[in-house]
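Have a go at each task before reading its solution.

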Amino acid sequence: MELLANDLSLHEQFHDIKEFQTALSQFMRLRKLARKYGREVQCHRNLLKSRPVPGRKLAQVLGQFDDQNKRRSLMLWLTKHGPFWDEPPKHSSDDYFEVNGDVVTDTAAGEAAYRNWSGAESGLVSFRPSRWNATPILVNWHHSSDGLEDRQISLSNWWEEGSFETWLEGNVPPPKTWDELRAIAPARFPKLVFGQSCFAAMKGMPIAQCSINRCMELLRILNQLADAFDCNGKRTSEGNDLHQRYFTGGNDFSDSSDSEKDKFVKALTFIHPSQPGKSVVCPWHGKIRHQTLRMHFTWPIISDEPVYIVYVGPKLTKV
């Protein structure tokens, strides 16, 4: 997960510079924790325009710090070193994001919401105290182009060291290559069985972190659904919710069309991972929009059979 500094969590809530300095020290400890676990808190240069103290921008407040070394290191982070999430921003300025009626387009919340939708899982790190000290944060995305309907995106948000470090300990940084993903996937997703050559099509493909992250997210959902059965083999309420949310709208998982099944039946036929000499047709797939990738797996998902991942690679049903 990518972590973005929540610029909205500075809203003139601190009475004076000394009070803000305490909050800033707390925030920097969160950043230090993130770096300890191999992550970075990405910032936006506009953070300097935020107003932590009434009538004063962050840049002005930092200029009044007595500790020159602290002031210099903070300015370097916010202006030169970053890392910055605004180079370039991922979401379009034409998109309209809001939280509880407040527009959050062109903020970290809007950017994180778009990244989550596109497969690059993102969360927020906030100052405290703040009216943004809540989790999850629900962002409403209003987008009329491309036929997309309005949707709500849930963001994780951290402002306390204890809960943040607990999450960091349990969430090591994502794999950086497809080989790394293939190596960790069986242990990370025990309800899934991976075909020996299921990632072979990715050999030689350009490495794109957002594609790898999206693949991890799809595998997580499949693993959850495969585990959502009761002792009688019936899908649990959680399983029904997962099925409704991810397998009925066509945005995350879908079946190939009848025409695709007829035309591309050979391409959609794979060697069965656990039955040598046998083949299995797998038209159901997860969607990785970046690089137009697909992840094919066995369907339906039932309680007494594993879910086999048979293919990850470029879309097989291109006309």
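On a 1 Å grid over the protein atoms alone, a cavity is a set of points where a 1.4 Å probe fits but cannot get out, and lining residues have an atom within 4 Å of a point. This is a predicted model, in which local features need pLDDT of at least 70 and side-chain atom pairs count only at pLDDT 80 or more, while totals for chains, interfaces and linings use all residues. Residues are numbered from 1 along each chain as its sequence is written, and side-chain values use heavy atoms, with hydrogens and water left out.

**Exercise 1. Find the residues that line the largest cavity, and the helix that supplies the largest share of them.**

Step 1. Searching the whole structure gives one cavity of 30 Å³ or more. Grid points are joined across faces, edges and corners, and a volume is the space filled by probe spheres set on the points.

Step 2. The volume of the largest cavity is about 40 Å³.

Step 3. Its lining is made by Leu-24, Leu-47, Leu-58, Leu-62, Leu-74, Trp-77, Leu-78 and Phe-127.

Step 4. At least two lining residues come from each of helix H2 (58-62) and helix H3 (68-81). Helices (H or I, at least four residues) and strands (E, at least two) are DSSP runs, numbered from the N terminus. H3 gives the largest share, three residues.

**Exercise 2. Which side chains make polar contacts with the side chain of Ser-126?**

Step 1. Look in the loop between E5 and strand E6 (137-142), where Ser-126 is found. Ser-126 is buried, at a relative accessible area of 1%.

Step 2. A polar contact is a pair of N or O atoms within 3.5 Å; within protein, one must be able to donate a hydrogen and the other to accept it, and residues adjacent in sequence count only if both atoms are side-chain atoms.

Step 3. The side chain of Ser-126 makes such a contact with that of Asn-6 at 3.0 Å, and another with that of Asn-157 at 2.8 Å.

Key
On a 1 Å grid over the protein atoms alone, a cavity is a set of points where a 1.4 Å probe fits but cannot get out, and a pocket is an open set with protein on both sides within 12 Å along at least five of seven lines; lining residues have an atom within 4 Å of a point. Buried means under 20% relative accessible area, exposed over 50%, partly exposed in between (1.4 Å probe, protein chains only).
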